[in-house]
Amino acid sequence: MFSALRQSGTVYLLTKGDIPTLKTGVVQSVSSPVTKFGTQLMPGQFQQDTVIDLTVKAGDELLTFKQLPSAAVIASSGNMVISESRDAMIAEVENMIRTSKEVLGSVDYHKNALEACESIMCSLNPRLAEEREQKEKIETLEKRLGGMEESIGDMKELLVKALNKVSK
């Protein structure tokens with residue numbers, strides 16, 4: 001639990017971005033638990049969820065995490081996941097691996113679905129079908145033109161070689 005952390009304790013910081021990275025941090029300070037809205041509990045008042053503020057040093061950086069659930073062992077803050085438990089962080093990374101594998105496994109499905117949906121849109125909207133057909137024709141013409149440019153370049157090269165042989 002975050003509320004059990006003390007100064008000099010270890011926390012794990014997982015940055016979720018294009019390339020996830022894991023850092024180990026050292027607790028610099030932990031606030032006392034307060035209710036989520038910053039009020040103190042009165043005697044006989046219903047127990048609400050409490051939160052803490054945590055300051056951690058990771059390398060040369062000093063990071064502050066506001067309103068972490070005091071009873072949790074892992075929490076998200078922006079694009080970062082913080083945990084006081086190595087096991088909880090392992091579970092988080094395993095979940096990321098599983099999610100990424102599922103996404104990669106569904107790429108073919110989504111490519112096919114996209115193709116099918118575009119086809120459906122063309123059948124529902126003839127103007128889209130005309131635009132798509134026109135785009136395909138332009139792409140075909142561009143490829144042919146590129147091939148012609150290449151052929152003309154080759155012919156020019158051969159002609160220069162032939163003229164050089166004749167002039168010698």
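I began with the side chain of Thr50, which makes a polar contact with the side chain of Ser70 at 2.4 Å. A polar contact here is a pair of N or O atoms within 3.5 Å; within protein, one must be able to donate a hydrogen and the other to accept it, and residues adjacent in sequence count only if both atoms are side-chain atoms. This is a predicted model, where local features need pLDDT of at least 70, side-chain atom pairs count only at pLDDT 80 or more, and totals for chains, interfaces and linings use all residues. Residues are numbered from 1 along each chain as its sequence is written, and side-chain values use heavy atoms, with hydrogens and water left out.

Next I listed what else Thr50 touches. Not counting residues up to four places away in sequence, I found Pro33, Val34, Thr35, Leu68, Pro69 and Ser70. Contact means heavy atoms within 4.5 Å. I also checked Thr50 against His110: they are 60 residues apart in sequence and 43 Å apart in space, C-alpha to C-alpha.

Thr50 lies in strand β4, so I took that strand next, with helices (H or I, at least four residues) and strands (E, at least two) being DSSP runs numbered from the N terminus. Seven of the nine residues of β4 (residues 50-58) are buried, so the rest of the structure largely encloses this strand. Buried means under 20% relative accessible area, exposed over 50%, partly exposed in between (1.4 Å probe, protein chains only).

Which strands pair with β4? I count a pair if DSSP finds at least two bridges between two strands.
- β2 (residues 21-30) pairs with β4 in the antiparallel sense over four bridges; Val30 has Leu54 of β4 as its bridge partner.
- β3 (residues 34-35) runs antiparallel to β4, with two bridges; Thr35 has Thr50 of β4 as its bridge partner.
- β5 (residues 61-69) runs antiparallel to β4, with seven bridges; Thr55 stands opposite Thr64 in β5.

β4 and β5 form a hairpin with two residues between them. Gly59 in the turn has a positive phi of about 70°.

Is Thr55 buried or exposed? It counts as buried, at 16% relative accessibility. Leaving aside neighbours within four places in sequence, Thr55 is in contact with Val26, Val27, Gln28, Ser29, Leu62, Leu63 and Thr64.

I then looked up positive phi in residues other than glycine. Gln67 in strand β5 has phi near 55°. Gln67 is partly exposed, with a relative accessible area of 48%. Ser8, in the segment before β1 (10-15), has a positive phi of about 80°. Ser8 counts as exposed at 57% relative accessibility.

Last, the helices. α3 (residues 126-167) has 42 residues and reaches 61 Å from its first C-alpha to its last, close to the 62 Å expected at 1.5 Å a residue. The expected span is 1.5 Å times one less than the number of residues. The number buried among the 42 residues of α3 is zero, so this helix lies largely in the open.

How do α2 (residues 107-124) and α3 cross, and at what angle? Their axes come within 5 Å and cross at roughly 120°. Axes are lines fitted to C-alpha atoms, for helices over the stretch in contact, and angles run from 0 to 180 degrees between N-to-C directions. The two helices are therefore oblique to each other: angles under 35 degrees count as roughly parallel, over 145 as roughly antiparallel, 65 to 115 as roughly perpendicular and the rest as oblique. Glu118, Ser119, Met121, Cys122 and Leu124 in α2 meet Pro126, Leu128, Ala129 and Arg132 in α3.
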